[in-house]
Amino acid sequence: MKVLIADQFEQVGIDGITAAGCEVIYQPALADEQLAGALASMKADVLVVRSTKVTDAMLANASLSLIVRAGAGVNTIDVNAASRRGIYVSNCPGKNAIAVAELTFALILALDRRIAENVIDLRAGTWNKKEYSKAKGLFGRTLGIIGYGSIGQEVAQRAKAFGMPVVAWSRRFETDPGPRISDPGLVRARSPEGVAEQSDVLSIHLALASGTRHFIGASILNRLKPGSYFINTSRGEIVDHAALADAIRNRGIRAALDVFAQEPAESAGVFADPIVTLPNVIGTHHIGASTEQAQEAIAAEAARIVRTYKETGKVPNVVNLATKTPATHMLVVRHRDRPGVLAHVFDRLRAGNLNVQETENVIFEGAEAAIARINLDGEPSAELLRTIAGGNQDILSLYVVKI
């Protein structure tokens with residue numbers, strides 16, 4: 001199996017993929033047309049990327065069967081294009097959770113103690129203890145969390161160490177019947193707005209998806225108490241930055257951002273997002289996941305995904321398999337475990353213009369008999385069932401179940 005790594009990647013991950021018996025091609029500078037050309041010429045089976053974008057055009061002449069995003073989320077990959085071509089897409093969720101949680105609290109503390117302003121004045125030769133002795137402190141102040149996945153949970157754990165009550169909202173709370181055993185004392189809000197109105201500090205930890213773009217807007221930001229702190233270490237696109245700027249100007253909201261609406265495409269370049277020119281805004285360079293610990297954990301997880309795929313054909317953390325197929329009926333075939341039985345069944349189904357959506361063949365002890373469960377996109381006619389049953393002597397019985 002040939003694996004192309006087209007991004008910066010830790011040695012532990014390269015070693016892990018190599019140890020799995022794969023041919024590794026490490027070209028971290030590949031991007032855009034160069035990456036498309038490399039995929040077409042190298043005929044790699046697996047592509048590993050971190051922040052490099054993978055587009056429909058890149059996949060057009062590729063031979064890939066798996067794309068691994070060495071990080072959380074898959075927003076840099078055209079997942080629909082991969083799905084149309086039968087290419088698995090996988091990622092490494094949760095492996096950077098601690099790193100992002102650590103930066104989140106660094107930003108909260110930096111806002112409260114005005115660390116950036118302290119440093120700027122000291123470097124300019126200004127001593128102003130009176131001004132910078134006005135911190136509110138964190139103990140007893142409520143931390144609101146919108147998005148309660150692995151990162152949100154790590155942030156909550158650290159909040160407890162600071163003596164901060166935690167109120168959170170997540171879509172999964174709507175189906176999860178009660179607080180997690182590991183989260184004693186967590187207060188669940190009924191809505192994101194409900195989180196905001198209870199929060200002294202509001203931290204955003206949503207994944208970027210079609211339903212979360214500009215999810216944090218005026219309806220949420222205007223529920224914050226004047227002078228509250230706002231933290232975003234998730235994705236810049238999740239926040240309506242015009243609404244945030246308005247809240248900063250008119251409601252005294254103080255913001256700490258690791259992600260922005262207008263980030264340079266490269267790791268270094270000119271940065272011109274106007275929100276950082278506002279008073280009471282501090283920021284970092286989208287570095288939430290960028291600790292050595294996190295990157296090594298992500299690389300090791302990416303290597304595990306590739307190794308598992310090579311050895312078993314299964315893909316951990318796959319994100320683009322259908323949760324529900326167009327199947328409407330299941331054909332259950334009890335048969336002797338002999339060559340050609342399923343080939344006969346599938347051939348007859350094709351002749352009947354029925355498409356197989358999913359299939360499972362379960363073998364009885366002794367490997368003399370089996371049951372095939374075949375999900376179809378339509379109902380086979382009685383005549384077709386007779387043709388299938390009568391066309392192979394190893395078919396013992398069959399019936400149809402409506403799904």
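**Rings, helices and sheets**

Reader: How many aromatic pairs does the structure hold?

Author: The structure holds five aromatic pairs. Rings of Phe, Tyr and Trp (its six-membered ring) pair if their centres lie within 6.5 Å; planes under 30 degrees apart count as stacked, over 60 as edge-to-face and the rest as tilted. One of the pairs is stacked, because the rings of Phe105 and Phe162 have centres 4.8 Å apart and planes at 10 degrees.

Reader: Where in the chain are Phe105 and Phe162?

Author: Phe105 is in helix 5 (residues 97-113), whereas Phe162 is in the loop between helix 8 (150-161) and strand 7 (166-169). Helices (H or I, at least four residues) and strands (E, at least two) are DSSP runs, numbered from the N terminus.

Reader: Before we continue, what kind of model is this?

Author: This is a predicted model, in which local features need pLDDT of at least 70 and side-chain atom pairs count only at pLDDT 80 or more, while totals for chains, interfaces and linings use all residues. Residues are numbered from 1 along each chain as its sequence is written, and side-chain values use heavy atoms, with hydrogens and water left out.

Reader: Back to helix 5 and helix 8, then. At what angle do their axes cross?

Author: The axes cross at roughly 50 degrees and come within 8 Å. Helix 5 is therefore oblique to helix 8. Axes are lines fitted to C-alpha atoms, for helices over the stretch in contact, and angles run from 0 to 180 degrees between N-to-C directions. Angles under 35 degrees count as roughly parallel, over 145 as roughly antiparallel, 65 to 115 as roughly perpendicular and the rest as oblique.

Reader: Which residues of helix 5 and helix 8 meet?

Author: From helix 5, Ala97, Ile98, Val100, Ala101, Glu102, Thr104 and Phe105 meet Ser150, Ile151, Glu154, Val155, Arg158 and Ala159 of helix 8. Contact means heavy atoms within 4.5 Å. By class, this contact has eight nonpolar, two polar and three charged residues. Ala, Val, Leu, Ile, Met, Phe, Trp, Tyr, Cys and Pro count as nonpolar, Asp, Glu, Lys and Arg as charged, and the others, Gly among them, as polar.

Reader: At what angle does helix 1 pack with helix 12?

Author: Helix 1 (residues 11-19) and helix 12 (residues 292-312) pack at an angle of about 15 degrees, their axes being 7 Å apart. Helix 1 is therefore roughly parallel to helix 12. Val12, Gly13, Gly16 and Ile17 of helix 1 make the contact with Glu296, Ala299, Ala303 and Val306 of helix 12.

Reader: And which order has the sheet of four strands?

Author: That open sheet has the order 14-15-13-16, with antiparallel pairing. Its edge strands are strand 14 (356-363) and strand 16 (395-402). Seven bridges join strand 13 (residues 329-336) to strand 16, and Val332 has Tyr399 as its bridge partner in strand 16. Helix 14 packs on this sheet, touching strand 13 and strand 16.

Reader: How far apart are the axes of helix 13 and helix 14?

Author: The axes of helix 13 (residues 341-351) and helix 14 (residues 382-390) are 9 Å apart, at an angle of about 155 degrees. Helix 13 is therefore roughly antiparallel to helix 14.

Reader: Lastly, what is the phi of Ala367?

Author: Ala367 has a positive phi of about 55 degrees, although it is not a glycine. Ala367 lies in the loop between strand 14 and strand 15 (369-376). Arg114, likewise not a glycine, has a positive phi of about 50 degrees, and Arg114 is in the loop between helix 5 and helix 6 (115-123).

Note on methods. Two strands pair if DSSP finds at least two bridges between them.
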